[in-house]
Each structure stands twice: as structure tokens, then as C-alpha cells.
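Please look at the sequence and the model together while reading this report. The sections below take up ring contacts, the sheet and the charged side chains in turn.

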Amino acid sequence: MKQQVLVLYLATSALDARVVGWSSYDGTGRTNPTAGDGDEPPYETGVDALRDGWRLFQASQLIPPYPGHEYDTSFLKHEFFFEKMS
């Protein structure tokens, strides 16, 4: 078995929120995705990925912003990791 990994960055911590960024990795060798190779996300939401057979195996921890830093830019904090086994 070989693993495919899909990382979706969502607009909020809700799994049905809109996808705002993504990356994918294909351990099967059938595809060779690269960063920035598409303008459209592979799914509209994380729930759509689940419906297509991806298994959720990690969601980022919800950490409140430090007081006074609510509007600082940083990493995309609503990150979800999915996998498919082939």
C-alpha cells in the first residue's frame, strides 16, 4: 500500500469551511503535484474531501491569539491533513 496525502487550509476551524490553500503529495507515483500548479482547490471544503474517500488524520490545535496580536499575519492555522491508501 502507498499513501497519498492532502493538506487543506480552511478559512475557519470548521471542517465545512471554504478551502483557502492546499498541497498534495502522492506516494503512489501516479501524479507529481507541485506547489502552485493549480488555481482551483481540489475540494471546496474539508467535508467534500471526506465524501470523496479521504480520511482525516490530523487537524491543527486551536490556539487563541496572544492579546494584542489578533490581527498579526502568521502561518495558516486551520490546517487539516487527509490521506488515501492505494
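## The aromatic pair

The structure holds one aromatic pair, a term used when the ring centres of Phe, Tyr or Trp (its six-membered ring) lie within 6.5 Å. The partners are phenylalanine 57 and phenylalanine 81, whose ring centres are 6.1 Å apart and whose planes stand at 50°, so the pair is tilted; planes under 30 degrees apart would count as stacked, over 60 as edge-to-face, and the rest as tilted. The pair links distant parts of the chain, because phenylalanine 57 belongs to strand β3 (residues 55–59) and phenylalanine 81 to strand β4 (residues 79–85), 24 residues apart. Strands here are DSSP runs of E with at least two residues, helices are runs of H or I with at least four, and both are numbered from the N terminus.

Phenylalanine 57 is partly exposed, with a relative accessible area of 42%. On this scale, buried means under 20% relative accessible area and exposed means over 50%, with partly exposed in between (1.4 Å probe, protein chains only).

This is a predicted model, in which local features need pLDDT of at least 70 and side-chain atom pairs count only at pLDDT 80 or more, while totals for chains, interfaces and linings use all residues. Residues are numbered from 1 along each chain as its sequence is written, and side-chain values use heavy atoms, with hydrogens and water left out.

## The sheet

Four strands form an open sheet in the order β2-β1-β4-β3, and their pairing is antiparallel; two strands pair if DSSP finds at least two bridges between them. The edge strands are β2 (19–26) and β3, each of which pairs on one side only. Neighbouring strands of this sheet are turned by 20° against each other on average, direction ignored, where the axes are lines fitted to C-alpha atoms (for helices over the stretch in contact) and angles run from 0 to 180 degrees between N-to-C directions.

Strand β1 (residues 3–10) is joined to β2 by seven bridges, and valine 5 stands opposite tyrosine 25 in β2. Seven bridges also hold the antiparallel pairing of β1 and β4, with tyrosine 9 standing opposite glutamate 79 in β4. Between β3 and β4 there are four bridges, again in the antiparallel sense, and alanine 59 stands opposite phenylalanine 80 in β4. In a regular strand the side chains alternate between the two faces of the sheet.

## Salt bridges

How many salt bridges does a search of the whole structure find? The search finds three, each being a side-chain nitrogen of Lys or Arg within 4 Å of a carboxyl oxygen of Asp or Glu. One of them joins arginine 51 and aspartate 48 (3.5 Å, N to O), which lie three residues apart in helix α1 (residues 46–51) and are therefore separated by about one helical turn. Arginine 51 counts as exposed at 68% relative accessibility, whereas aspartate 48 is partly exposed at 25%.

Lysine 84 and aspartate 52 also meet in a salt bridge (3.8 Å, N to O), and this pair links distant parts of the chain, with lysine 84 in strand β4 and aspartate 52 in the loop between α1 and β3, 32 residues apart. Both residues are partly exposed, lysine 84 at 23% and aspartate 52 at 40%. Arginine 55 forms a salt bridge with glutamate 83, their closest N and O atoms being 2.3 Å apart, and this pair links strand β3 to strand β4 across 28 residues. Glutamate 83 counts as buried, at 11% relative accessibility.
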